[in-house]
Amino acid sequence: MHDVLPMRLRRSLSEFGHDLALARRKRHLTVAMMAERTGVAKGTYLRIEKGDPSVAMGAYAMTLFVLGFGEVFSNLTDARRDEAGLLLDEERLPKRVRIKRSNPPL
């Protein structure tokens with residue numbers, strides 16, 4: 001998996017893991033405490049803090065939840081904040097709107 005990820009994405013995941021480690025330390029939680037609270041092995045939790053893309057998304061989600069960032073995933077793909085999607089919707093709008101004529105009653 002590491003080979004197919006673009007460098008920019010790998011770097012982003014690494015920074016994300018670093019940010020998770022920083023958030024954990026600010027809350028005075030040990031790696032062992034986080035592993036127990038997230039329900040993963042200590043080694044898996046350490047891979048999360050390294051930004052390993054092969055760790056299950058659920059483990060990342062549980063880590064965010066334990067650290068108090070539980071709403072992060074619901075905000076990521078919120079349709080109201082999807083600028084590219086909103087632009088695409090706007091482009092698809094018809095130039096003119098026509099009313100279809102129904103057949104007159106007999």
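Leaving out residues up to four places away in sequence, Y60 touches F16, L20, R47, I48, G51, D52, P53 and V55.

Y60 is among the residues with the most contacts inside the largest nonpolar core, together with L20, M34, Y45, I48, V55 and L67. That core has 13 residues. Now colour the elements that give two or more residues to the core: α1 (7–26), α2 (31–38), α3 (42–49) and α4 (57–66). In soluble globular proteins, nonpolar side chains tend to be buried together.

Next, hide everything except α3 and α4. How do these two helices pack? The angle between α3 and α4 is about 80°, and their axes lie 11 Å apart. An angle of 65 to 115 degrees counts as roughly perpendicular, so α3 and α4 are roughly perpendicular to each other. To see the contact itself, show the side chains of Y45, R47 and I48 on α3, and of A59, Y60 and T63 on α4. The residues of this contact divide into four nonpolar, one polar and one charged.

Bring back the whole chain and move to the loop between α1 and α2, where H28 is found. Check its backbone: H28 has a positive phi of about 55°, although it is not a glycine. Is H28 buried or exposed? H28 has a relative accessible area of 71% and is therefore exposed, the cut-off being over 50%.

Then go to F69, in the loop between α4 and α5. What does F69 contact beyond its neighbours within four places in sequence? The residues are A23, R27 and L64. For a distance across the model, pick the C-alpha atoms of F69 and V4: they are separated by 29 Å, and the two residues are 65 apart along the chain.

Finish by colouring the chain by pLDDT. The mean for the protein chain is 89, and 95% of its residues reach 70 or more. Confidence is highest in α3, at 98. Helix α5 (residues 72–76) is where confidence is lowest, at a mean of 77. Where pLDDT is low, the predicted coordinates should not be read in detail.

Note on methods
Residues numbered from 1 in each chain as written. Heavy atoms only, no water. Core = buried A, V, L, I, M, F, W, Y, C linked by side-chain atoms within 4.5 Å. Buried < 20%, exposed > 50% of the residue type's maximum accessible area, 1.4 Å probe, protein only. Helix = DSSP H or I, 4+ residues; strand = E, 2+ residues; numbered from the N terminus. Contact = heavy atoms within 4.5 Å. Axes fitted to C-alpha atoms, helices over the stretch in contact; angles between N-to-C directions. Parallel < 35°, antiparallel > 145°, perpendicular 65-115°, else oblique. Nonpolar A, V, L, I, M, F, W, Y, C, P; charged D, E, K, R; others polar. pLDDT = per-residue confidence, 0-100.
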